[in-house]
Amino acid sequence: MQREGSAFSGLGVVMLKELSDHLTSIRFFVLELLVVVIALVTVYLATAQIKETVAEDPFLLLKLFTTARDPSPFSFLFFLSFLVPLIAIGMGFDSVNSEHNQRTLSRILSQPIYRDALLFGKFLGGLATLAIGLVVLWLLVIGLGLLFIGIPPGGEEIARIFVFLLVTIVYAGVWLALALLFSILFRSAATAALASLGLWLFLYVIWPMLAGQIAQIIAPPDPRYLALGLQTPGTAVLEQILSRLSPSTLFGEIVVALLDPTTRALGPIYLSQLQGAVLGAPLPFGESVLIAWPQMVGMIATAIVLFVIGYVIFQRQEIRA
């Protein structure tokens, strides 16, 4: 049977409804409040550390995201990479199965709204909500930096932080797509939440350690390198490839390239890469983006693949009133 009209008819309505529901929910308010409080504390401690240890630095604003000070051993960036997946999962784990359980999905699809528009609308509504929260947080950190440090940022700093913001939104989109996928697979919201959180913990905590062990099994270390206290290049490259299967690893590497202008490579550095280089000299913004570009593409591709898998499964599901 041929469709009548556009497959995305009603997309805007679903997206705005999801956006309104998320922005007015207690769940989103609590999660965002937690992030804002942590941001205030870590940025305040970072500015105090910057004032004590940095005399002249052209990238002071970037250090707000990466500098830590006692009593907190972690920077704002660490908390952001840890909490953004939780917020995204918290917003997406019951997007579809709640409609099944409340028996409203068949009513929605009885309207002139196709499954395509419904799923896209739910994803885009959640992503727009995350983007709004991250933009507000971005402006808050910059404002606090200007207030505490008193030095206006340069154009390159703003460009790096802006790309960092876009990358963080994509990073949130990966976990939102994962939560949406499990919401489609499992009718129970609790099961979907546990599966999403379990996979996140595995990829965030366990997989980086397993990647090194698997790499050593597949490509055993060379005793000659071990005698010198060095890591075998083949083993190091394989370990890095395996660890990049985790979105958290990709996000961390992108952030290092963007927020640390002195970063010249995201893997093993060879002597040929250091020829003619001035150690400690910052790279131009464009070159830092090029270094992180493969990781950016990988993270975007991960979000697309997860959404496509959920889309195909959702199209094949039987929906009853």
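Biologist: In which helix is L180 found?

Modeller: The model is a predicted one, and in it L180 belongs to helix α8.

Biologist: Is L180 buried or exposed?

Modeller: A residue counts as buried when its relative accessible area is under 20%. L180 has a relative accessible area of 4%, so it is buried.

Biologist: Which residues is L180 in contact with, leaving aside its neighbours within four places in sequence?

Modeller: With those neighbours set aside, the contacts of L180 are G92, S95, V96, L119, F123 and F307.

Biologist: At what angle do helix α8 and helix α9 pack?

Modeller: Helix α8 spans residues 155-185 and helix α9 residues 189-218; the angle between them is about 140°, and their axes are 8 Å apart. An angle over 145 degrees would count as roughly antiparallel. The angle here therefore makes α8 oblique to α9. The two helices cross in a right-handed sense.

Biologist: Which residues make the contact of α8 and α9?

Modeller: An α-helix has 3.6 residues a turn, so residues three or four places apart point the same way. In this case α8 contributes W175, L178, A179, F182 and S183, while α9 contributes A192, A195, S196, L199, W200 and L203. By class, the residues of this contact are nine nonpolar, two polar and no charged.

Biologist: How do helix α1 and helix α7 pack, and what is the angle?

Modeller: Helix α1 (residues 11-23) and helix α7 (residues 115-149) meet at about 40°, with axes 7 Å apart. Angles under 35 degrees count as roughly parallel. The angle of this pair therefore makes α1 oblique to α7. Their crossing is right-handed. On α1 the contact includes L11, V14 and M15, and on α7 it includes A117, L118 and F120. The residues of this contact divide into eleven nonpolar, five polar and two charged.

Biologist: Which residues of helix α11 are buried, and what covers them?

Modeller: Helix α11 runs over residues 233-243, and its buried residues include T235, A236, L238, Q240, L242 and S243. Among the elements that cover the buried residues of α11 are α9 and α12 (247-259).

Conventions: Residues numbered from 1 in each chain as written. Predicted model: local features only at pLDDT ≥ 70, side-chain atom pairs only at ≥ 80, totals over all residues. Heavy atoms only, no water. Axes fitted to C-alpha atoms, helices over the stretch in contact; angles between N-to-C directions. Helix = DSSP H or I, 4+ residues; strand = E, 2+ residues; numbered from the N terminus. Parallel < 35°, antiparallel > 145°, perpendicular 65-115°, else oblique. Left-handed = near helix turned anticlockwise from the far one by under 90°. Contact = heavy atoms within 4.5 Å. Nonpolar A, V, L, I, M, F, W, Y, C, P; charged D, E, K, R; others polar. Buried < 20%, exposed > 50% of the residue type's maximum accessible area, 1.4 Å probe, protein only.
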